[in-house]
Structure formats: structure tokens, C-alpha cells
Amino acid sequence: NINNFIYSTNKNKEYNDDNIYIKIGKVNIFATYEEAEIEIRNKTENKMCLTGDKSTKKLYLENKSGTKYSAINNEFDYGNVVMDAKDIKKYKVKFNKSYSISNSAKYLTFNDIILNYDEYLSSNNKTNYTNRTTITMDY
């Protein structure tokens, strides 16, 4: 198989609240990683940062026993992912999850979303800035 490709599936999983809409679409499964197409809509009037400032994993998959698989080789791995007000973006995100029939990912987590990025940037106390959220959704 090409590039250790195993199979493709269309997840069509959605998360929706007052601030954000997230849809997981097509997922390609490879021997050494998974690649998910994720659409994100910022539903607010504010600029939003999806990757926050925590040093822990910012976007990851998790299996039923709690093992986490980090996003790799993309914006979520090395930079700030900022969305303008009312913006819609699509990402292809790779996760460091090796293929296993008995070990599938159950959840997708955005660990630290800053809901008003301009306010955060002008804050004198970024460590204690509270207008942020964590989203865990079915994968």
C-alpha cells in the first residue's frame, strides 16, 4: 500500500456551542499516523486562538483508556492557530497514532482555546487570563 495507507473513513462528527462549531470529516488511517480533516467555525465577534498558551498538548486524540496522541507536523503542533471573527477554516491534521484494530481513538480535544485573543494579548496577566475553554468531542 502507498505510504502505508490502510483505509479512509468519513466521521461526520460535530460539536456546536455559542462560540464555536467543529466538524470532523474524512479521516485517513495510515500505519504510523492518522490524518483528519477538521472544519472550524468561529461564531463569535472576536478573534479566537485555538492553541492557547499552555505548554501541554494543544490538540490531541484520546483512546478509551486515556492515552493521548498529539497533533504533529501542522499549525497545531508548532504555532498559534488564530481565527478572525466569524471565520471558517479547514485543516488537515496528522496525529501520532499508529494503526491498531483494538486501539481506536474515541475523543478529539482542543486543550486551550482563548475566546477573545485581542483581549488576551492586551492583558497584563496572561497566566491568569480566564476567557478560555477546553473542548472534548466524540471522534
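1. Start with Thr44 and what surrounds it. Setting aside neighbours within four places in sequence, Thr44 is in contact (heavy atoms within 4.5 Å) with Asn19, Ala85, Lys86 and Leu115. Thr44 sits in the loop between β3 (34–42) and β4 (48–49). Strands here are DSSP runs of E, at least two residues long, and helices are runs of H or I of at least four residues, both numbered from the N terminus. Thr44 is buried, at 10% relative accessible area. Buried means under 20%, exposed over 50%, and partly exposed in between, with a 1.4 Å probe and protein chains only. The side chain of Thr44 also makes a polar contact of 2.7 Å with the side chain of Asn42. A polar contact is a pair of N or O atoms within 3.5 Å; within protein, one must be able to donate a hydrogen and the other to accept it, and residues adjacent in sequence count only if both atoms are side-chain atoms.

2. A word on the model. It is predicted: local features need pLDDT of at least 70, side-chain atom pairs count only at pLDDT 80 or more, and totals for chains, interfaces and linings use all residues. Residues are numbered from 1 along each chain as its sequence is written, and side-chain values use heavy atoms, with hydrogens and water left out.

3. Now the overall fold. The protein chain has two helices and ten strands. Their order along the sequence is β-β-β-β-β-β-α-β-β-β-α-β. The radius of gyration is 15 Å, close to the 14 Å from the globule rule for 139 residues, so the chain is as compact as a globular protein of that length. That radius is taken over C-alpha atoms, and the rule is 2.2 Å times the number of residues to the power 0.38. The C-alpha trace spans about 50 × 25 × 25 Å along its principal axes.

4. Of the 139 residues, 42% count as buried. Take contacts between residues at least 6 apart in sequence: 63% of them join residues at least 24 apart.

5. Charge. The protein chain carries 21 positive and 18 negative side chains, and the centres of the two sets lie 6 Å apart. Lys and Arg count as positive, Asp and Glu as negative; His and the chain ends are not counted. Each charge is placed at NZ of Lys, CZ of Arg, CG of Asp or CD of Glu.

6. Look at Asn28 in strand β2 (residues 20–30). Asn28 is buried, with a relative accessible area of 11%. Its side chain joins that of Ser8 in a polar contact of 2.9 Å. Beyond four places in sequence, Asn28 is in contact with Phe5, Tyr7, Ser8, Tyr33, Glu34 and Glu35.

7. Two backbone angles deserve a check. Most residues other than glycine have a negative phi. Asn12 is not a glycine, yet its phi is positive, about 50°. Asn12 is placed in strand β1 (residues 5–16) and is partly exposed, at 45% relative accessible area. Lys86 likewise is not a glycine and has a positive phi of about 60°. Lys86 lies in the loop between β7 (82–83) and β8 (88–95), and Thr44 is in contact with it.

8. Last, Thr127. This residue is in the loop between α2 (117–121) and β10 (132–138). Thr127 counts as exposed, at 71% relative accessibility. Thr127 and Asp53 are 74 residues apart in sequence, but 8.5 Å apart in space, C-alpha to C-alpha.
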